[in-house]
Amino acid sequence: MARARRPLDDYRGKRDFGRTPEPAGGAGPSSAGATRFVVHRHEARNLHYDLRLEHEGALLSFAVPKGFSDRPADKRLAVRTEDHPLEYLTFAGRIPEGEYGAGAMTVWDEGTVRWLPDDDAAAALREGELKLLLDGRRLRGEWHLVRTKPDERHWLLFKSKDRYVGPGRDAARRVDLSAAPRAPLPKRVRRAEPAETVAPFTDPERLYELDLDGRRVLVETDLPPDGPATRGATAARIGGGPRGASSREASAARGASSREASAARGATGVRFRGLRGGRAALAPVVDALALLRARRALLDGVLVVQGPDDRPDRALLDEVLAGRASGDLLLYLFDVLHDDGLDLRPLPLRDRKAVLRDMLPEDPGPLLFLDHVVGAGEELARATAAAGLPGLVAKRADAPWRGGPTDDWSRVRVPSADATSRGSVRERLRLDADARPAPRVSNPDKLLWPEDGVTKQDLVDWYAGVADVLLPYLADRPVHMDRRPDGIHGKAFYQRHVTESLPDLLATVEIAGRDDPAPKPHFVCGDVASLLALANLASIDLHPWHSRVGSLESPDWAVIDLDPKGAPFAHVVRLAKDVGRLLRGIGLRPLLKTSGKTGLHVYVPLAEGYGYETVRMFCEAVARLVARSRPEIATVERSLAARGGRVYVDFGQNRRGATVVPPYVPRPVPGATVSAPLAWDELETDLTPADFTIRTMPDRLAERGDLFAPLLTDRQELEPALARLEEVVRDG
Ligand code: MN
């Protein structure tokens, strides 16, 4: 039957199928069964994501320049482009130079889409308001597309409020789930158990977890997709079943608020395999599970009640579950087997734990992620004994999940310690800086800063002391090392990638280069143990990327580096004031720190989703304005000769893979100086960066707190600033 409208005419008209590998399309009928969607990551002239939705035998296509945010407040522009043929659902390849859309096209997500409310996509398209229920590997839950007037092509894409709402980062799970097969949630699995019990040992391939004295449970969830994004709604939602609750039922449920009532309803959405009774005591745990960022999940964990001495008390737990005693149940979760239709069991344990961590709600209540320490089994065993806990479980980090007794897990018995030396178990369970084992420091007396008498032990101690403040600036970022095993005057080994010669103590992530598609392993430093392992390798300063794993193309901040190379520091101060004034003048709230050497760094924390190129161009405009207004002391010329003794206003660090030292890392220069955050009113000509050293900084930190903390929270939009910057440029 001839159609009045031929949806693929535009598509075919733009392409030469003799040159592009893209499919011409057979205008085939829509597949029976579920309607599909695909998201392509398209590295065209401007990187963007193409959302393509199956509809009437073709793919409705939207180009989304800034990608997807899981925070409903983030409205992302989506530009409707020409319909694509259904064959494009599986297309990936490189469109050659000179052709339409030249660049690499990869499948970033795929899955099924349901049109809400009634699958009448044609009407919704006419009305200019689409609601989609996506079930992909990365994108999940309900999304909203709203056409903006007057432009027919411009739509806004944003997340609807449901259980998949997140903290406003990339919508994607941070772990690549492409290796997880689609499968229904398994009905029966054998519980994994350690095959052996052994004495403490150290193995860099193992994750060490505390062995808690409680009841192992497998938790199965079957939660409604539009589930609660807040705790208050929990009781109402959990009884509804998938998309089942009418608003009347929901409001009736909301009215009943006793724990018993919500627990009874919870039976329909959360099931504890292998556990009978205890529903009343479990109600707060069930409420918290209803907030998971997944509908269908199978989780492994252990239920615990703390006794009067703060240690898990198994006997009291049984009494509480039986309703004969009261006590607050905690559910420690340590593994996930199934995640919304994806079988995670083939994935390595460390990836499963990363998925689990992402799945927990922002306000987890009695749900706790059972954290681990990588490698340092003997040290952790000593801390565990001191805490009066029974032992550890050492699990192979790379192993897939296997049920039953498994050699991938070993139970580690620890010698019992004198009860009087036990610390607070609550503290120990948090595996905080005190409980975490320090690595055995090799060559502790090695003088790294010989003039200052600062040793490698001092370096490790510095990092241990500052870990709580520093780690948030490193977490999830690829980190480059600058190793100085012979001290600051010795040979330097700058390491971007993990090489064979290093101990495998640290988490790594495979990252493909911009020009080199072969992925290389990079370090990721997310915990105290990793930080101290780096220090033990004499990596004096650490160099994190500006972007994080999961959103590597999108820097979290803009940075301008004022680099004097011999120019007077007073000039650096002068220019930092200029940069600060200019940025504040266009509505931004910049942050300032010393480089730890002779320069200053100005940062602007950014809302998510800006590409490196955007950020670099913004910084370039700022740098050029400032340099132009003080040509006698500032330059944007990189080469030392061209600088002519002027301060280099460097905007070029805003690129993928470039690094700038974070606050609180020491620098390999005499004085053992540290990159120190500053308040803007400290910026005066008598400011002396050499005053901030690993000896003086602890007092300053105690007194001033972390002046750089807004870097992680005060995330700012660039668009209004760009508009005002244009005005500044125009008005001279
Ligand atoms: Mn495209």
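This is a predicted model: local features need pLDDT of at least 70, side-chain atom pairs count only at pLDDT 80 or more; totals for chains, interfaces and linings use all residues.
The manganese ion is held by three protein donors, namely His 42 through ND1, His 48 through NE2 and Asp 50 through OD, which lie 2.2 to 2.3 Å from the ion. Along the chain, the donors of the manganese ion follow the spacing H-x5-H-x1-D. Of these residues, His 48 and Asp 50 are both buried.

Two packed helices are described by the angle between their axes and the distance between the axes. For helix H11 (residues 456-474) and helix H12 (residues 528-536), the axes come within 9 Å and cross at roughly 140°. Angles over 145 degrees would count as roughly antiparallel; H11 and H12 are therefore oblique to each other. Their crossing is right-handed. On the H11 side, the contact is made by Lys 456, Leu 459, Val 460, Tyr 463, Ala 464, Ala 467, Leu 470, Leu 471 and Leu 474, and on the H12 side by Val 528, Leu 531, Leu 532, Ala 535 and Asn 536. Classified by residue type, the contact of H11 with H12 comprises twelve nonpolar residues, one polar residue and one charged residue.

Helix H12 is mostly covered, with nine of its nine residues buried. The buried residues of H12 are Val 528, Ala 529, Ser 530, Leu 531, Leu 532, Ala 533, Leu 534, Ala 535 and Asn 536. The elements that cover them include H11 together with strand E18 (373-374), strand E23 (478-483) and strand E27 (539-544). Just after H12, Ala 538 adopts a positive phi of about 60°.

The crossing in which H13 passes H14 is right-handed. In H13, the residues that meet H14 are Leu 575, Asp 578, Val 579, Leu 582 and Leu 583; their partners in H14 are Phe 618, Val 622, Leu 625, Val 626 and Ser 629. By class, eight nonpolar residues, one polar residue and one charged residue make up the contact of H13 with H14.

Conventions:
Residues are numbered from 1 along each chain as its sequence is written. Side-chain values use heavy atoms; hydrogens and water are left out. A crossing is left-handed if the near helix is turned anticlockwise from the far one by less than a right angle, and right-handed if clockwise. Helices (H or I, at least four residues) and strands (E, at least two) are DSSP runs, numbered from the N terminus. Contact means heavy atoms within 4.5 Å. Ala, Val, Leu, Ile, Met, Phe, Trp, Tyr, Cys and Pro count as nonpolar, Asp, Glu, Lys and Arg as charged, and the others, Gly among them, as polar. Donors are N, O and S atoms within 2.8 Å of the metal (3.2 Å for Na, K and Ca); water is not among the atoms, so sites may look incomplete. Buried means under 20% relative accessible area, exposed over 50%, partly exposed in between (1.4 Å probe, protein chains only). Axes are lines fitted to C-alpha atoms, for helices over the stretch in contact, and angles run from 0 to 180 degrees between N-to-C directions. Angles under 35 degrees count as roughly parallel, over 145 as roughly antiparallel, 65 to 115 as roughly perpendicular and the rest as oblique.
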